[in-house]
Amino acid sequence: MTQPPHDEPTAASPEELREQVEQTRAELGETVEALAAKTDVKARAQEKAAEVKEQAAAKAGELKEQAALKAGELKAKAAELAHQAQDRLPGPVKDGAAQAAEQARAKAAQAGQLWEEKAPEPVRQTTAQGLQLAQRNRKALLAAAGVAVVAWFACRRSKG
């Protein structure tokens with residue numbers, strides 16, 4: 001006969017033996033379930049994919065937030081630079097720009113009237129949408145125009 005292992009007590013009665021057998025079965029069942037879970041590649045891959053997806057969503061949220069902050073900073077910096085550029089313009093340049101702007105407005109009004117008379121309706125609608133977009137972003141457009149004027153003036157001054 002075989003000898004019982006030294007680390008496990010031997011059962012004194014058939015009832016104790018049944019309890020030991022049940023406990024061993026339960027432990028063996030748990031071990032088999034754990035091994036089966038480790039070998040279930042599909043389930044493990046799905047768990048890993050879900051984990052990676054959550055991490056990617058969190059990282060995307062962080063990056064979006066950082067991009068929004070950076071865009072705000074850049075917009076503020078551009079507005080500040082445009083304001084500084086306008087402050088540095090000499091009076092005659094500002095006056096000339098104001099006159100040119102008034103002339104451009106008058107010509108634009110004439111062109112707009114002609115446009116209303118001649119352009120087809122779908123084209124007018126698309127143009128109206130573009131105009132609304134420009135009006136909503138007026139400060140950015142003015143800042144860009146100011147920077148362009150300063151750059152033009154600097155180029156003109158360096159050549160002359």
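Visitor: Which helices each supply at least two residues of the lining of the largest pocket?
Guide: This is a predicted model, and the protein in it has 5 helices. Those that each give at least two residues to the lining of the largest pocket are helix H3 (91–118), helix H4 (121–136) and helix H5 (138–159).

Visitor: Which residues lie nearest the centre of the largest pocket?
Guide: The lining of this pocket is made up of 15 residues, and the space inside comes to about 550 Å³. Nearest the centre are Ala 108, Ala 109, Leu 131, Ala 134 and Gln 135.

Visitor: How many residues of the lining of the largest pocket are nonpolar?
Guide: Sorted by class, the lining has 3 polar and 4 charged residues. Its nonpolar residues number 8.

Visitor: How many strands does the protein have, and in what order do its elements run?
Guide: The protein has 0 strands. From the N terminus on, the order of its elements is α-α-α-α-α.

Visitor: Is the protein spread out or compact, and what is its radius of gyration?
Guide: The C-alpha atoms fill a box of roughly 115 × 45 × 25 Å along the principal axes. For 160 residues the globule rule gives 15 Å, and the protein is well over that, so it is more spread out than a compact globule. Its radius of gyration is 39 Å.

Visitor: What share of the 160 residues counts as buried?
Guide: The accessible surface of the protein is about 14100 Å², and 59% of that surface belongs to carbon and sulfur atoms. To count as buried, a residue must have under 20% relative accessible area. Of the 160 residues, the share that counts as buried is 5%.

Definitions and conventions
Residues are numbered from 1 along each chain as its sequence is written. This is a predicted model: local features need pLDDT of at least 70, side-chain atom pairs count only at pLDDT 80 or more; totals for chains, interfaces and linings use all residues. Side-chain values use heavy atoms; hydrogens and water are left out. On a 1 Å grid over the protein atoms alone, a cavity is a set of points where a 1.4 Å probe fits but cannot get out, and a pocket is an open set with protein on both sides within 12 Å along at least five of seven lines; lining residues have an atom within 4 Å of a point. Grid points are joined across faces, edges and corners, and a volume is the space filled by probe spheres set on the points. Helices (H or I, at least four residues) and strands (E, at least two) are DSSP runs, numbered from the N terminus. Ala, Val, Leu, Ile, Met, Phe, Trp, Tyr, Cys and Pro count as nonpolar, Asp, Glu, Lys and Arg as charged, and the others, Gly among them, as polar. The radius of gyration is taken over C-alpha atoms; the globule rule is 2.2 Å times the number of residues to the power 0.38. Buried means under 20% relative accessible area, exposed over 50%, partly exposed in between (1.4 Å probe, protein chains only). Accessible areas come from the Shrake-Rupley method with a 1.4 Å probe; for residues, only the protein chains shown count as cover.
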